[in-house]
Amino acid sequence: FPVTIRPLNRLSALIQAIATDPHNTNLWCQVGFTYLSMYETREALETFLAAEQINPRSSEAYYGQAIARQQLGDTPGALQALQQAIQRNPQDHRLFSAQAYLCTAAGLPPEQTLDAYREWARRFAEPQHPRHPPTPHRRNPADKLRIGYLSADFRQHAIMDFFSPVLRHHNRNRYRLIAFSNGTADQRTTEVRVQFDYWNIIVTGK
């Protein structure tokens, strides 16, 4: 990918700022993330390692290392870096979200991956629930349970390689499937669409 002038200008400005404030960890991390935006991953990792040396308590330095290591194919190293970041800033939802994603990428046991997603939910989703949840809807047990799926990727996309088996293995005697599509369509979309009972296009203008 070509490097645009904007990241180069930003990088130049950051390096000049570091020259006058060399122990500013935030500036070093900004340099690292700028390198990532330029696809200079090894330079980014070296920069985040330098930021760690300046301030070992910086969660951003470890978070940046995790991103760089994952892009370099070192998923175990990325997970270790994320653990260090989480220890330093357990309130940062980005870190737990990235951890759950990396557990999937690392091919860890499903139970461990599920625990990572549940941990994110426990910390950041559950506190948003209303204190007094509404009265549960009383559903006729004889009625099919309706399940809705929202996605922009009901098309030729890697996510469909994972999701198609889910659709195929639904018990159609018990569940009614509803799709909400907000993405573009292709030949794969035609194949996916027939697996739903209802198909809704929610893209503006469609």
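Mentor: Start with glutamate 60. This is a predicted model. Glutamate 60 counts as partly exposed, because its relative accessibility is 26%, and that label runs between under 20% for buried and over 50% for exposed.

Trainee: What makes glutamate 60 and arginine 94 a salt bridge?

Mentor: The closest N and O atoms of glutamate 60 and arginine 94 are 2.3 Å apart. The cut-off is within 4 Å. So the pair qualifies as a salt bridge.

Trainee: Which parts does that pair tie together?

Mentor: Glutamate 60 sits in helix α4, and arginine 94 sits in helix α6. The pair therefore links parts 34 residues apart in sequence.

Trainee: Why is arginine 94 called partly exposed?

Mentor: Because its relative accessibility is 29%. Buried would need under 20%, and exposed would need over 50%.

Trainee: Which other residue forms a salt bridge with arginine 94?

Mentor: Aspartate 92 does, with the closest N and O atoms 2.6 Å apart. Aspartate 92 has a relative accessible area of 10%. The limit for buried is under 20%, so aspartate 92 is buried.

Trainee: What about glutamate 119 and arginine 123: how do you know that they form a salt bridge?

Mentor: Their closest N and O atoms lie 2.5 Å apart. The limit is within 4 Å, so this is a salt bridge too. Both residues are in helix α7, 4 residues apart, which means about one helical turn separates them. Glutamate 119 is partly exposed at 22% relative accessibility. Arginine 123 is partly exposed as well, at 29%.

Trainee: Which residues do salt bridges with shared partners join into one network?

Mentor: Glu60, Asp92 and Arg94. A search of the whole structure finds 8 salt bridges.

Trainee: Back to α6. How do you know that its span is close to the expected one?

Mentor: Helix α6 covers residues 93-105, which is 13 residues. From first C-alpha to last it reaches 19 Å. At 1.5 Å a residue, 18 Å is expected. The two values are close.

Trainee: Which residues of α6 are buried, and what covers them?

Mentor: The buried ones are Leu95, Phe96, Ala98, Gln99, Ala100, Leu102 and Cys103. Their cover includes α4 (59-71), α5 (75-88) and α7 (110-125). Just after α6, glycine 107 takes a positive phi of about 70°.

Trainee: Is threonine 25 buried or exposed?

Mentor: Its relative accessible area is 11%. Buried means under 20%, so threonine 25 is buried. Threonine 25 belongs to helix α2 (residues 25-37).

Trainee: What is threonine 25 in contact with, leaving aside its neighbours within four places in sequence?

Mentor: Ala51, Ile54, Asn55 and Ser58. Contact here needs heavy atoms within 4.5 Å.

Technical notes: Residues are numbered from 1 along each chain as its sequence is written. This is a predicted model: local features need pLDDT of at least 70, side-chain atom pairs count only at pLDDT 80 or more; totals for chains, interfaces and linings use all residues. Side-chain values use heavy atoms; hydrogens and water are left out. Helices (H or I, at least four residues) and strands (E, at least two) are DSSP runs, numbered from the N terminus. The expected span of a helix is 1.5 Å times one less than its number of residues. Buried means under 20% relative accessible area, exposed over 50%, partly exposed in between (1.4 Å probe, protein chains only). A salt bridge is a side-chain nitrogen of Lys or Arg within 4 Å of a carboxyl oxygen of Asp or Glu.
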